[in-house]
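I opened this entry to keep track of what I looked up.

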Amino acid sequence: MSSALTQTKPFAAQERAGNPSIARTERYYRLKADVEDFYYYEADLLDARRFREWLDLLTEDISYFMPIRRNVKFGQHEARENTKRGEGISWFDEDKWTLTKRVDQILTGVHYAEEPLSRITHMVTNVQIKDARPNLDQAEELDVASRILVYQNRVEYETYTLVGRRNDTLRLVENGWKVCRREIILEQNILLAKNLTMFF
C-alpha cells in the first residue's frame, strides 16, 4: 500500500517559499545568491573595521533608519510599535554624510566609546527577495528582507548581542549592488548596550 507521503504531490517552489508575489525561478535563486554574497562581503568589511570600504557599498542617497520600539496594546502594533522615519525620535535616521562622519569619528582613534576598538561579528541569514524592479530578469532594484545577529565585545567584560531584522533596497550600479535604503528593526524595546557605535 502506498503511504500518504508518496501520494502527496510536492508543493511548487513558489508555494513552498511562502511569497506568491515573486516566482521562485532559476533567476530568483541566482539573484538571491548574489545578494547573499553581497551581504557576506559587507559583514566581512564591517568585522575587519574596513569602514571606508563599507561606505562605498552605500549609494549617495542612502537612507539608514532604525526606529525605537514601543510597548503597545494588542492591536496597535502595526500603527504604533515602531517610530516612523523622519518623525520624532529614532536610534538612527541618517544619510551618507552622517554615516561618513560617524566613520571619521571612529577612525580618529580618540572616540571615547571605541577606544580601544570593539570586536564585532555580523551574521546574516533568512535572506528573501521581496520585490524586483522592473522585474526579476532585468532587476535594477531589489527589496530584500533578512535577519541579523550582531555580537560585540569591548574592553574586557562588556559583551552585547543584538538580534533583529533588516529591510533593504539594493540598487544595481556599474560595479555591483549598493544599499540605497536600510531599515533595521531590533528586537529590543530598551537598548541593553551602552552605546550604538556599530553599524548594522
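I started with K101 and D104, whose side chains meet in a salt bridge at 3.9 Å, N to O. The model is a predicted one. K101 and D104 sit 3 residues apart in helix α6, so about one helical turn separates them. Then I looked up their accessibility. K101 has a relative accessible area of 41%, so K101 is partly exposed. D104 comes out at 23%, and that also makes D104 partly exposed. The cut-off for buried is under 20%.

**Other salt bridges**

I ran the search over the whole structure and got 18 salt bridges. One of the pairs I checked was E94 with R102, where the side chains meet at 2.8 Å, N to O. Are E94 and R102 buried or exposed? Both E94 and R102 are buried.

Next I took D168 and R166. Their side chains form a salt bridge at 3.9 Å, N to O. D168 has a relative accessible area of 2%, so I logged D168 as buried. R166 has 3% relative accessibility, so R166 counts as buried too. I also noted a network: D61, D131, R133, E141, D143 and R171 are joined by salt bridges that share partners.

**Strands**

I found β5 and β6 running antiparallel, joined by 10 bridges. These two strands form a hairpin with 2 residues between them.

I then went to the pairing of β4 with β5. This pair is antiparallel as well, over 14 bridges. Which residue of β5 is the bridge partner of L142? I found L170 there. β4 and β5 form a hairpin with 3 residues between them. In that turn I noted V155, with a positive phi of about 55°.

**Nonpolar core**

L142 turned up again when I listed the core. The largest nonpolar core has 42 residues, and L142 is among those with the most contacts inside it, along with W54, Y64, F199 and F200. I checked which elements give two or more residues to this core: α3 (26-47), α4 (51-55), β1 (58-67), α6 (96-106), β3 (119-133), β4 (141-154), β5 (158-173) and β6 (176-186). Which element gives the most? It is α3, with 7 residues.

**F199 and H122**

F199 touches L46, F51, W54, Y64, L99, R102, V103, I106 and H122. R102 in that list is the buried partner of E94.

H122 lies in strand β3. Its relative accessibility is 12%, so H122 counts as buried. What does the side chain of H122 meet? I logged a polar contact of 2.6 Å between the side chains of H122 and D47. I also found the backbone oxygen of F199 at 2.7 Å from a polar atom of the H122 side chain.

Last, I listed the contacts of H122, again setting aside neighbours within four places in sequence. They are A43, L46, D47, L149, V150, F199 and F200. L46 is also touched by F199. F199 and F200 both figure among the core residues with the most contacts inside it.

Methods: Residues are numbered from 1 along each chain as its sequence is written. This is a predicted model: local features need pLDDT of at least 70, side-chain atom pairs count only at pLDDT 80 or more; totals for chains, interfaces and linings use all residues. Side-chain values use heavy atoms; hydrogens and water are left out. A nonpolar core is a set of buried Ala, Val, Leu, Ile, Met, Phe, Trp, Tyr and Cys residues joined through side-chain atoms within 4.5 Å. Buried means under 20% relative accessible area, exposed over 50%, partly exposed in between (1.4 Å probe, protein chains only). Helices (H or I, at least four residues) and strands (E, at least two) are DSSP runs, numbered from the N terminus. Contact means heavy atoms within 4.5 Å. A polar contact is a pair of N or O atoms within 3.5 Å; within protein, one must be able to donate a hydrogen and the other to accept it, and residues adjacent in sequence count only if both atoms are side-chain atoms. Two strands pair if DSSP finds at least two bridges between them. A salt bridge is a side-chain nitrogen of Lys or Arg within 4 Å of a carboxyl oxygen of Asp or Glu.
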